Amino acid sequence: MKQPVLKGVHHTARPTWKLAETVEFYRDKLGLRLVHAISAKGWGPEGHPDFLHFFFDSGQGSTIAFFYYIGAPQPDYLVHKPQWDCDSVHTAWQVDCEAALLEWKAFLEQRGVKVEMHVQHELIESIYFRDPNGYLIEIGRQIREMSALDERDAAMTLEAAIAAESEARARGVPFKSIEAVWRRKGALQSKAAA
Amino acid sequence: MVKIFILDVPEFRPIVDGARRAEIGVSGPTRGYYVIAREGELVLSRKALGLKPAVWYSSLSGGMQGRIAQFDRDTLRIIEP
């Protein structure tokens with residue numbers, strides 16, 4: 001069967017227990033158009049509450065969406081903690097260039113949104129801020145295009161990392177440092193050169 | 001021999017340029033990687049290379065032969081395995 005093709009992000013969705021604040025933030029502070037809202041009686045799984053599911057335009061046909069479950073208390077496991085593990089779940093939007101990124105930074109600050117970080121990564125320069133739910137939002141500009149070299153490098157990194165993870169598992173020891181991955185990748189490099 | 005492999009892309013180029021300035025052996029790029037090699041130990045300084053932290057902490061992402069003796073915000077020291 002032929003490999004099916006994806007065409008980018010339609011929407012991402014997360015739950016909110018702060019309806020008014022979320023709408024105010026995305027629509028009024030960020031200026032994203034509220035483009036669609038579903039309001040429905042609970043259906044499907046037993047006990048599913050009535051809900052709202054609403055969407056804000058984030059450009060290029062993509063939206064960021066939220067669910068608001070009426071009368072359903074927020075479980076502890078869905079309270080967002082502003083720390084590295086919880087923050088790995090985040091939304092990253094794209095802008096065209098450095099000027100556009102700096103424009104967003106100034107716009108956010110002018111509207112009282114705290115920009116927590118401005119980081120130059122390998123391929124993307126990004127700013128980070130939070131919504132009223134505590135969710136982390138990133139806006140970034142691509143610094144350079146990804147190449148075939150990046151793809152080959154990624155394959156070798158993951159080959160080394162999976163081997164390191166398997167070895168730790170087999171020996172019953174914790175996989176606790178990136179150094180094991182870098183050493184294995186070095187060995188793969190030396191093998192390729194031989 | 002301590003060796004590090006540096007992917008031939010712009011964000012990692014300062015490591016290669018810095019190694020050359022410090023007269024550390026640099027070869028390549030071969031199959032997309034430079035190799036920086038030295039007997040005994042290899043020491044790099046983030047400030048001397050002019051790298052931002054996010055890229056600095058990925059400096060060894062191309063692979064290495066050796067053992068990390070120190071890797072903090074400014075100094076990376078790799079010694080013989």
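## Crossing of α3 and α4 in chain A

The crossing of α3(A) and α4(A) is right-handed; a crossing counts as right-handed if the near helix is turned clockwise from the far one by less than a right angle, and as left-handed if anticlockwise. Helices here are DSSP runs of H or I with at least four residues, strands are runs of E with at least two, and both are numbered from the N terminus. The model is predicted: local features need pLDDT of at least 70, side-chain atom pairs count only at pLDDT 80 or more, and totals for chains, interfaces and linings use all residues. Residues are numbered from 1 along each chain as its sequence is written, and chains are lettered from A and ligands numbered from 1 in the order in which they are written.

Helix α3 of chain A covers residues 148–171 and helix α4 of chain A covers residues 179–193; their axes are 8 Å apart and the packing angle is about 120 degrees. Axes are lines fitted to C-alpha atoms, for helices over the stretch in contact, and angles run from 0 to 180 degrees between N-to-C directions. The pair α3(A) and α4(A) is therefore oblique, since angles under 35 degrees count as roughly parallel, over 145 as roughly antiparallel, 65 to 115 as roughly perpendicular and the rest as oblique.

On α3(A), the contact residues include A:Met156, A:Thr157 and A:Glu159, and on α4(A) they include A:Arg184, A:Lys185 and A:Leu188. Contact requires C-beta atoms, placed from the backbone, within 7 Å. By class, the contact of α3(A) with α4(A) has eight nonpolar, one polar and three charged residues. Ala, Val, Leu, Ile, Met, Phe, Trp, Tyr, Cys and Pro count as nonpolar, Asp, Glu, Lys and Arg as charged, and the others, Gly among them, as polar.

## Contact between chains A and B

In chain A, 18 residues are in contact with 20 residues of chain B. At least two residues each come from β6 (117–120), α3 and α4 of chain A, and α4(A) gives the most, with nine residues. The side of chain A that touches chain B has five nonpolar, six polar and seven charged residues.

## Sheet in chain B

Chain B has an open sheet of four strands, ordered β2-β3-β1-β5 with antiparallel pairing; strands pair if DSSP finds at least two bridges between them. The edge strands of chain B are β2 (25–30) and β5 (64–65), each pairing on one side only. Strand β1 (residues 2–7) of chain B pairs with β5(B) over two bridges, and B:Lys3 has B:Gln65 as its bridge partner in β5(B).

Note on methods. Two residues are in contact if their C-beta atoms, placed from the backbone, lie within 7 Å.
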